[in-house]
Amino acid sequence: MTNPSDKRDAETDAVAAPAVEVWMADGDDEEGGRGSDGSTKFDTGTITRTRPKTKRPSLYRVLLLNDDYTPMEFVVLVLQDVFNKSREEAMRIMLHVHNQGVGECGVYPFEVAETKVTRVMDTARKNQHPLQCVMEKE
């Protein structure tokens, strides 16, 4: 959790800590941090600590493979149910899979892609269709 008083530096992704007074002796310590004119000398600085940059997760393409046995209407229903596609978009993807042999259903992080592939395969198996769905790294 971040502290609301922390200020982020966009270039270094560093978080600025509260300002700290730093005593600066001008030459010798005998004067106790005082300048030659007797005035107290100090400087205010900012201590920064860098945070490690996080990487974006790898993305995976979820692909449907064509077969000669799965009904087109079933593929459309799977695209609507699993991938939340509209009827029109599901029809477009289904026809692309039918004509080209393979079609992309979406691009997701690994866990999401894996879940969608599993849902498609389980649904096809329950309905006794040989529909195949795979994922590949983008």
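Predicted model: local features only at pLDDT ≥ 70, side-chain atom pairs only at ≥ 80, totals over all residues.
Local features rest on pLDDT of at least 70 and side-chain atom pairs on pLDDT 80 or more, while totals for chains, interfaces and linings use all residues. Side-chain values use heavy atoms, without hydrogens and water, and residues are numbered from 1 along each chain as its sequence is written.

**Helix 3**
- Helix 3 comprises residues 110-126; helices (H or I, at least four residues) and strands (E, at least two) are DSSP runs, numbered from the N terminus.
- Ala-113, Lys-116, Val-117, Val-120, Met-121 and Ala-124 of this helix are buried (under 20% relative accessible area, 1.4 Å probe, protein chains only).
- These residues lie on the same side of helix 3, because they cover an arc of only 130° around the axis (taken from the directions from the helix axis to the C-beta atoms).
- On the other side, Glu-111, Arg-125 and Lys-126 are exposed (over 50%).

**Lys-116**
- Lys-116 is buried but forms no salt bridge (a side-chain nitrogen of Lys or Arg within 4 Å of a carboxyl oxygen of Asp or Glu).
- The nearest side chain of opposite charge is Asp-81, 9.3 Å away; Lys and Arg count as positive, Asp and Glu as negative, and His and the chain ends are not counted.
- Leaving aside neighbours within four places in sequence, Lys-116 is in contact (heavy atoms within 4.5 Å) with Val-82, Phe-83 and Tyr-108.

**Surroundings**
- The buried residues of helix 3 are covered by elements including strand 6 (59-65), helix 1 (72-83), strand 7 (102-109) and strand 8 (132-137).
- Val-120 touches Leu-64, Val-78, Val-82, Phe-83, Leu-131 and Cys-133, not counting residues up to four places away in sequence.
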